[in-house]
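Dear colleague,

Please find the structure below, followed by an account of what was found in it.

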Amino acid sequence: MMELVVISGKGGTGKTSLVGSLAALSRDKVLVDCDVDAADLHLILQNKVQRTTEFIGGKQASIVDDRCTNCGICLEYCRFDAIKYQAENEGGERYWIDKHACDGCGVCVRHCPEQAIDFKEVVNGEWYVSDTPHGPLVHARLGLAQANSGKLVSLLRQQARLLAEKNGFDLIIIDGPPGIGCPVIASITGVGYVLIVTEPSMSALHDMARLLQLTNHFRIPTGICINKSDISPDLTSRIEEFAKEQKVSILGRIPFDPAMTAAQLAGTTVVEHVDTGVSEDIELLWSNLKVEFNKKMQ
C-alpha cells in the first residue's frame with residue numbers, strides 16, 4: 001500500500017486544490033484530510049457523511065468543592081497556571097481550574113491529598129467517514145482551542161488504512177497540514193512519498209527548505225510541485241536551483257490560472273470543472289508521481 005502525503009510549508013499554496021485534482025485523476029484509493037485544524041478538502045469533493053464519531057483526545061481536571069480543603073498543594077504543582085485561587089466575600093477561599101489553561105497532565109490529581117480533583121475524558125472534536133465521487137474520505141473537525149491534533153491525525157490515518165484494506169485499495173492520498181509542527185510530523189511518519197507544494201515567494205521558499213529538513217530527517221522520498229510558477233520567474237528559478245542542490249525532483253510546475261478559483265467556488269476540482277492548460281499540467285504531475293511510486297515499490 002502506498003501512502004502519498006501532500007504538504008506545504010505555508011497556507012495558501014494551493015495544496016488542497018491539487019490534492020482534489022489528484023483524487024479525480026487516480027483510482028482505487030482512500031482520501032484523508034489531515035489538516036484537522038482547518039479541514040477543507042471535503043468542500044471540493046461533494047462529500048456525503050456516512051459516519052460521525054466523537055474524538056476523545058485527553059482528559060481535563062476539575063476541583064470538587066465539597067471535597068477540597070483549600071490546602072493549595074495543587075497550585076504549587078501546576079506548571080500551566082491553570083489552578084486559580086479566589087477569595088470569598090465572607091473570608092473563605094476557593095480553588096478552581098481554568099479549563100482553557102489545563103493541559104490535562106494529571107499532576108494535580110496525583111498530588112491532591114484529599115482526592116478532590118476529578119479527571120474526566122473530554123471530547124475534543126469529531127471525525128468522519130464520507131463518500132465522495134472519487135472514493136471514501138476520512139476527515140475531522142478539531143474543536144476550538146483544543147489540543148492533541150497529532151493524535152487525531154494518527155487516528156485518521158489508521159482509519160484510512162483500515163478502509164483501504166477493506167476495499168482492496170493500494171493507495172492512500174493524504175492532504176496534510178501546513179508547517180512543520182506536530183500534526184505534520186504525524187501526517188508524514190511512515191508514509192511512502194511526500195509531495196511538497198510551494199510557490200514562488202520568499203516565505204514559501206524558506207518554509208519549503210524547513211520541510212525538506214524534516215523529510216530528510218525521517219528519510220522519506222520527497223518531490224516538489226511549484227504552484228503559480230509563472231508569477232515570479234526569478235523565484236521559481238531559485239526554487240529549482242535549491243531543489244537541484246538538495247537532489248530533489250521538481251515533479252510539477254503549475255501556472256497561475258483563475259480556473260482554480262472558479263473550480264473552488266463551484267465546489268469541485270479544476271480537472272473536472274473546465275478543460276484548461278492547468279489541467280494538463282496537473283495530469284503531468286500525476287504521471288510523474290506514479291513514476292516515483294514505481295521507483296519506491298521496486
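Is Thr13 buried or exposed? Thr13 counts as buried because its relative accessibility is 2% (buried means under 20% relative accessible area, exposed over 50%, and partly exposed in between, with a 1.4 Å probe and protein chains only). This is a predicted model, in which local features need pLDDT of at least 70, side-chain atom pairs count only at pLDDT 80 or more, and totals for chains, interfaces and linings use all residues. Residues are numbered from 1 along each chain as its sequence is written, and side-chain values use heavy atoms, with hydrogens and water left out.

Thr13 lies in the loop between β1 (2–8) and α1 (15–25) (helices are DSSP runs of H or I with at least four residues, strands runs of E with at least two, numbered from the N terminus). Leaving out residues up to four places away in sequence, Thr13 touches Ser8, Val197, Thr198, Glu199, Asn227 and Lys228 (contact means heavy atoms within 4.5 Å).

Ile173 belongs to strand β8 (residues 171–178) and, at 0% relative accessibility, counts as buried. Beyond its neighbours within four places in sequence, its contacts include Leu4, Val19, Leu22 and Val32.

Helix α6 (residues 202–217) and helix α7 (residues 233–245) have axes that come within 10 Å and cross at roughly 15° (axes are lines fitted to C-alpha atoms, for helices over the stretch in contact, and angles run from 0 to 180 degrees between N-to-C directions). The two helices α6 and α7 are therefore roughly parallel (angles under 35 degrees). Met202, Leu205, Met208, Ala209 and Leu212 of α6 meet Leu235, Arg238, Ile239 and Phe242 of α7.

Yours sincerely

How values were computed: Parallel < 35°, antiparallel > 145°, perpendicular 65-115°, else oblique.
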